[in-house]
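Student: I am new to this structure and would like to go through it by question and answer. Please show it to me before we start.

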Amino acid sequence: MSASPVPGAAPAPGLGRDLIALTKPRIISLLLVTTAAPMYAAGSPSIWTVLLVMLGGYLMAGGANAVNMYLDRDIDDIMARTRLRPIPSGRMSPQQVLAFGVACAAAATWMLAFFVNVLTAALALAGFYFYVFIYTRWLKRSSPQNIVIGGAAGAFPPLVGWAAVTGSLDIVALTLFLIVFYWTPPHFWALALMKQVDYGRAGVPMAPLVWGERETMYQMLWYTVILLVLTALPWWVGAFGLLYLASAIILGALLLGGILQMLRAARAGTPWSGPAWWVYKYSLLYLALLFVAMAVDRALAR
Amino acid sequence: MLMSVAVYDTLFWVAVAACAVAQLFILKAVFFPAPPPMAGPAADGRAAGRLRAPSRPLEMAWVVLPVIALVAVFVWAWQLRHASDGAPSRVSISAVLS
């Protein structure tokens, strides 16, 4: 694939760096945690299986992110936080980005189907299609439920990890899917609360723009309540032990506390952006630590 | 940790009740929405024609969909635990994974 600079482009930081930027590596790192940890929770995979699934998962998610940047190229130029991406800055053409994204997804599908199993490849590909077509193409610009339903795309990695080890799905895998699903709205709405101007300018109907700030914060609270209940369910069915349960309770209480603090500040009419930032950042750590706790719990129980 | 079946069941129903209350508030926001913000980026976006009003029937469908998954997972969990009634109060991991 040729990636010669587009005429009039901004100074190039290097093709390699741009290709990596297209995959959004910082976001993928959390997806990889929610893929790898369920693998160790489900069984005792070989290091090669784990590495293959990590590589396949990175390529699939990276491909989806690149196609997302292709489809969103018109609004990426409007929003301050996306203006420096390879397409809006003119360093890569839209066709190059689309080709890269599709190639990544195709390579990931082949790799996962050939070296792991077909169910794993099918689930990873379903996540790709969900992200590209349901979230980016359909919901992102038409519904405040964009993050809720679109969040299902980010919930596929635990299914991928589980299927890679067991070759099937069960209630624990479904619960892990729902945990990520219900975690997504509080996480992204914390960001949306702080980036309302950007989203409004780009015409993306994020919840704060449609429901208002206060209602969005309450919705974050309700989703978090369900999330915390769901995190206890694997313990209740006996899949994980007390170490996991204690971790889930402590980590969840901190998340709930952050959201309540943000709500209290909003209700008192005092600045709430500090607590909102904290919720956004902590929710990333929350999900990573929760999934690590699952793997550690199972490793110690074996 | 060994607990009686009654304690496990009570915890389950408390969890279901908490989810039901939270889910009702989630549904209420879509079925009986508050008026949109009259000032700030939302109002600016609407005035400039950038923010379209979402389709109400679709919004309702989207918000009901996760409830179905949630109910399914609770029913499945209950059946799994009570499939081995009379057995030890803690379901083994092998039973879950098989």
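Tutor: Buried means under 20% relative accessible area, exposed over 50%, and partly exposed in between, with a 1.4 Å probe and protein chains only. This is a predicted model, in which local features need pLDDT of at least 70 and side-chain atom pairs count only at pLDDT 80 or more, while totals for chains, interfaces and linings use all residues. Residues are numbered from 1 along each chain as its sequence is written, chains are lettered from A and ligands numbered from 1 in the order in which they are written, and side-chain values use heavy atoms, with hydrogens and water left out.

Student: What share of the residues of chain B count as buried?
Tutor: Helices (H or I, at least four residues) and strands (E, at least two) are DSSP runs, numbered from the N terminus. On that basis chain B has four helices and zero strands, in the order α-α-α-α from the N terminus. Of its 98 residues, the share that counts as buried is 33%.

Student: How many residues of chain A are in contact with chain B?
Tutor: Contact means heavy atoms within 4.5 Å. Chain B brings 46 residues to these contacts, and the number from chain A is 48.

Student: How many residue pairs are in polar contact across the interface of chain B and chain A?
Tutor: Buried area is the accessible area (1.4 Å probe) that two parts lose on being put together, summed over both; here it is about 4000 Å², 73% of it on carbon and sulfur atoms. A polar contact is a pair of N or O atoms within 3.5 Å; within protein, one must be able to donate a hydrogen and the other to accept it, and residues adjacent in sequence count only if both atoms are side-chain atoms. With both residues at pLDDT 80 or more, the number of such pairs across the interface is five.

Student: Which helix gives the most to the side of chain B that touches chain A?
Tutor: At least two residues each come from α1 (5-31), α2 (41-47), α3 (56-82) and α4 (93-97) of chain B. The one that gives the most, with 15 residues, is α3(B).

Student: On which residue is the kink in helix α6 of chain A centred?
Tutor: The bend at a residue is the angle between axes fitted to the seven residues ending there and the seven starting there. Helix α6(A) covers residues 118-139, and its kink is about 30 degrees. Buried residues of α6(A) include A:Gly127, A:Phe128 and A:Tyr131, and the cover over the buried residues of this helix includes α3 of chain B as well as α3 (47-71) and α5 (94-115) of chain A. The kink is centred on A:Phe130.

Student: Is A:Asn117 buried or exposed?
Tutor: A:Asn117 sits in the loop between α5 and α6 of chain A. Its side chain reaches the backbone nitrogen of A:Leu119 at 3.3 Å and the backbone oxygen of A:Ala163 at 3.0 Å. Leaving out residues up to four places away in sequence, A:Asn117 touches A:Leu112, A:Ala163, A:Ala164 and A:Gly167. Because its relative accessible area is 18%, A:Asn117 is buried.

Student: How many salt bridges are there over all chains?
Tutor: A salt bridge is a side-chain nitrogen of Lys or Arg within 4 Å of a carboxyl oxygen of Asp or Glu. Side chains of opposite charge can pair when their charged atoms come close. Across the interface of chain B and chain A the rule finds zero; over all chains the count is six.

Student: How many residues apart are A:Arg91 and A:Asp18?
Tutor: The side chains of A:Arg91 and A:Asp18 meet in a salt bridge at 2.8 Å, N to O. A:Arg91 is in the loop between α4 (73-76) and α5 of chain A, and A:Asp18 is in helix α1 (residues 15-22) of chain A; the pair links distant parts of the chain, and its separation is 73 residues.

Student: Which residues are linked in a network of salt bridges?
Tutor: A:Asp72 pairs with A:Lys140, their closest N and O atoms being 2.4 Å apart. A:Asp72 lies in the loop between α3 and α4 of chain A and A:Lys140 in the loop between α6 and α7, so the pair ties together parts 68 residues apart in sequence. The side chains of A:Arg141 and A:Asp74 also meet in a salt bridge, at 2.8 Å. The network links A:Asp72, A:Asp74, A:Lys140 and A:Arg141.
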